[in-house]
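Here's a quick briefing to read with the model open in your viewer.

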Amino acid sequence: MESFTTRRTITHLRNAVKKFQTRRISYRASAAHVNPAISSPKSPNVGPFDLRPSRYSTLEPHFITKNRLLHSLQVREEENDDNTAINLFLEKFVAVMRTKLSEAYADAGREVINGMLEIVVDKVVTEIEKGTFEDFKQFEDFLASLETEDFSQDLWKIVWDVSKGIIEDMHKDELKTEIQMYLQSDEMKEITKFAKDAGVTGELLRDLKMHFAEQKRSEIEFYRSLDRLAGRDSTTNLLGRGGHRVKLLGSGREHLAEGVDESVEGEESEEKPNHGLPQRRAKLKFQAYGMDLSDPSWTAVGQKLEVAEKKITPEEPAVMSGKCKSIMKQTLSLSDDDDPSELLTQLRENLNPKRVDWLAILQQLSESNKNIYFKATEFALNEESFEASIRDYTKLLDAYAKKDRLEDAERVLKTMTEKGFARDAVTCSALIHMYSKTGNLDRAREAFEQIRSLGLQPDQKAYGSMIMAYVQAGLPKAGESLMREMEAKDIKPGKEVYMALLRAFAQRGLVDGAQRIFNTMQFSGVLPNLESCTLLVEAYGQSGDAEQARNVFDHMMKAGHRPDDKCTASMLAAYEKKNYLDKALNLLLDLEKDGFKQGLETSAVLIDWLGRLGLVYEAEQVFTEISGKERVPSKVCVSLCDMYARSGLQQKALDTLNTIWNNAENLDSHQYDRLIHGLLAGGLVEEAKGINDRMQSQGLVPSEPARVALMAAQAISRRKPTTK
């Protein structure tokens with residue numbers, strides 16, 4: 001009932017104001033029906049809500065009845081205005097004053113309290129229209145400005161405190177609203193994104209945002225003060241003036257407060273003098289780097305920059321909640337073989353994602369499960385809301401290429417073509433890299449030539465991938481020609497390109513090409529290291545030039561590079577070509593004095609060399625030293641099998657052959673040929689034939705000498721008479 005009465009009082013308050021302006025009712029007379037103590041002017045216990053009776057007539061008894069109260073509020077309906085500020089103030093004022101009146105006069109009925117409230121509110125509204133609560137900061141000044149003394153000083157004191165408190169609370173609420181608006185502005189979003197990119201998070205980020213909001217509010221308040229000085233802002237008072245506009249700070253909403261004094265309608269307001277700042281007559285000029293930035297043409301440039309900035313600056317993805325969050329959690333929990341299409345479809349229907357939202361979803365999947373990420377990316381590429389570009393397809397192609405998933409990459413390439421996206425230089429570079437890794441030279445060359453057909457110049461990545469394709473195809477000279485083309489176009493090859501070409505030349509014993517690459521590396525600023533020197537030693541060793549290999553080996557040691565196991569093995573292999581066993585042993589002795597420890601690579605070369613010489617005991621000693629330390633590679637077993645077979649130790653040869661098969665390592669053509677020749681030399685024809693069959697099952701073709709020797713051995717074994 002109390003809330004109903006309060007709303008009723010507030011609703012009809014503005015309509016009843018004019019009636020109560022001419023009608024002064026003695027509060028003492030209205031309260032006498034409840035508390036006779038306050039009816040006597042001589043009573044010493046006069047409450048703080050004392051109304052002076054000398055200026056009012058006595059209130060009739062029937063005024064306090066409910067019907068009379070309702071009748072007093074039923075006045076002519078006037079035009080209704082939505083003055084939110086005044087309504088809010090009056091609602092709070094009535095609620096607080098009702099509490100204070102009820103506490104002071106606990107025995108008074110509700111009708112009496114309502115009558116008291118109407119009298120007090122009538123006078124307060126009158127003072128609000130005069131602007132008294134805004135113009136005076138001290139109660140004494142306010143009390144001195146009153147034309148009449150309708151209320152006691154104590155009552156005015158309570159009214160003053162309540163009104164000022166409510167106004168201050170309203171100012172604080174609007175200040176919070178204004179700061180909240182600044183915190184949610186586009187400028188604040190840009191500052192927040194920049195701060196997060198710079199690593200500012202947590203409490204420091206919150207302090208930065210609040211500092212910006214306070215600074216922005218102070219700036220706007222400064223310009224408002226200038227407007228007030230210039231006489232252009234008559235709306236700064238929170239509760240407004242009669243007939244003036246009431247403006248909520250920072251809200252952008254304006255409310256018209258209808259004046260209660262009809263006498264001011266139609267009257268022309270006196271023109272107020274303008275005390276604002278003088279208007280600037282001259283034009284501002286600003287120059288920077290010799291350019292006049294005050295030129296009007298820079299306005300169009302600024303607008304274009306603003307449009308471009310909106311395209312460059314990424315938007316923030318939508319925050320998932322409820323069902324969308326649950327669907328995303330299920331998507332992240334999928335296994336590699338699951339299909340995320342159904343869950344992504346549900347997510348699309350519930351979230352209505354834009355491109356920025358799709359990118360955020362894919363980023364989470366990329367960190368969680370790569371296979372699901374690939375499937376989700378292909379799903380998103382077919383969605384219109386994703387706004388797929390050719391770069392999105394290129395990124396997916398490159399990701400598939402790094403995972404050696406050629407079929408998936410071909411499918412994405414086909415989809416891209418069906419969507420109407422033509423290949424560009426970046427896409428072709430990704431295709432070259434993919435085909436070079438899979439060893440498809442023709443397709444890599446086709447993609448490389450397509451870049452040239454577009455009138456574009458291949459970049460460093462495209463050249464490097466094409467050179468790698470030539471190296472894997474066994475064409476290092478073609479790769480070197482392409483490298484020279486890069487240098488002619490001032491494109492510097494990477495170190496990995498030099499090393500790939502040097503390795504390809506060294507493995508084939510092409511000394512001239514290896515030396516050219518080695519010299520080119522030094523001219524381009526790539527200093528020789530242990531790996532490059534080892535490859536050059538290997539190149540000379542493969543060509544049979546042991547002396548030059550030793551020169552490179554000594555020069556490397558003088559340069560401060562200590563030879564490792566692989567480098568020493570390459571030097572021993574060079575001596576093996578010339579059968580310089582004494583020089584090899586002297587080299588090992590000298591290196592051991594410097595702290596060199598013989599490793600697996602060096603031991604493998606010694607076993608192979610001693611096996612070829614038929615030194616079975618010495619080879620077995622070297623093998624015993626390394627067999628207990630680490631896993632023996634198949635090339636060592638091939639050397640031992642060949643040695644045992646040629647030495648007539650067939651059982652040991654067969655045992656070693658079984659060890660090779662148990663290692664489950666794929667041998668190259670050269671190793672298969674050596675096994676065939678060794679087994680044939682030891683009379684193990686059937687085993688040699690089995691190796692030939694195994695070789696062909698792997699897609700390898702035996703060399704012509706091995707094939708002829710096997711055919712001859714089989715023919716001889718068939719003609720050999722059986723013993724009776």
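Is D442 buried or exposed? D442 is exposed, because its relative accessible area is 54%, and the cut-off for that label is over 50%. Keep in mind that this is a predicted model. With that said, here's the tour, beginning with the overall picture and then moving to particular residues.

**The chain as a whole**
- You're looking at a protein chain with 35 helices and four strands.
- Of its 724 residues, 40% are buried.
- Take the contacts between residues at least 6 apart in sequence: 66% of them join residues at least 24 apart.
- The chain's accessible surface is about 41700 Å², and carbon and sulfur atoms account for 51% of that.

- Side chains of opposite charge can pair when their charged atoms come close.
- D442 does this with R445, in a salt bridge with an N to O distance of 3.9 Å.
- Those two sit about one helical turn from each other, because they are three residues apart in helix α20 (residues 441–453).
- R445 is partly exposed, with a relative accessible area of 32%.
- R443 and E446 make a salt bridge too, with their closest N and O atoms 3.8 Å apart.
- Both R443 and E446 belong to helix α20, and their spacing of three residues is about one turn of the helix.
- R443 counts as partly exposed at 30% relative accessibility, and E446 is also partly exposed, at 46%.

**Salt bridges elsewhere**
- A search of the whole structure turns up 33 salt bridges.
- One of them joins the side chains of E620 and K652, at 3.2 Å from N to O.
- That pair ties together distant parts of the chain, 32 residues apart: E620 is in helix α30 (residues 616–627) and K652 is in helix α32 (residues 650–663).
- E620 is partly exposed, with a relative accessibility of 21%, so it falls outside the buried class, which needs a value under 20%.
- K652 is partly exposed as well, at 40%.
- There's also a salt-bridge network, which links E576, D608, R612, D642, R646 and R674.

**A nonpolar patch on the surface**
- M291, W298, V301 and L305 form a nonpolar patch, and together they have about 350 Å² of accessible area.
- Helix α12 (residues 297–312) gives the most to this patch, with three residues.
- M291 has its place in strand β4 (residues 291–292).
- M291 itself is partly exposed, with a relative accessible area of 38%, so it clears the patch cut-off of over 30%.

- Most residues other than glycine have a negative phi.
- E387 has a positive phi of about 55 degrees, although it isn't a glycine.
- You'll find E387 in the loop between α16 (370–381) and α17 (390–402), and at 56% relative accessibility it counts as exposed.
- D490 has a positive phi too, near 60 degrees, and it is a residue other than glycine.
- The loop between α22 (476–488) and α23 (495–507) is where D490 is found.
- D490 is exposed, because its relative accessible area is 72% and the cut-off is over 50%.

Key: Residues numbered from 1 in each chain as written. Predicted model: local features only at pLDDT ≥ 70, side-chain atom pairs only at ≥ 80, totals over all residues. Heavy atoms only, no water. Buried < 20%, exposed > 50% of the residue type's maximum accessible area, 1.4 Å probe, protein only. Contact = heavy atoms within 4.5 Å. Areas by Shrake-Rupley, 256 points an atom, 1.4 Å probe, with all protein chains shown as cover. Patch = residues over 30% accessible without salt bridge, like charges linked within 9 Å, V, L, I, M, F, W, Y side chains within 5 Å. Salt bridge = Lys/Arg side-chain N within 4 Å of Asp/Glu carboxyl O.
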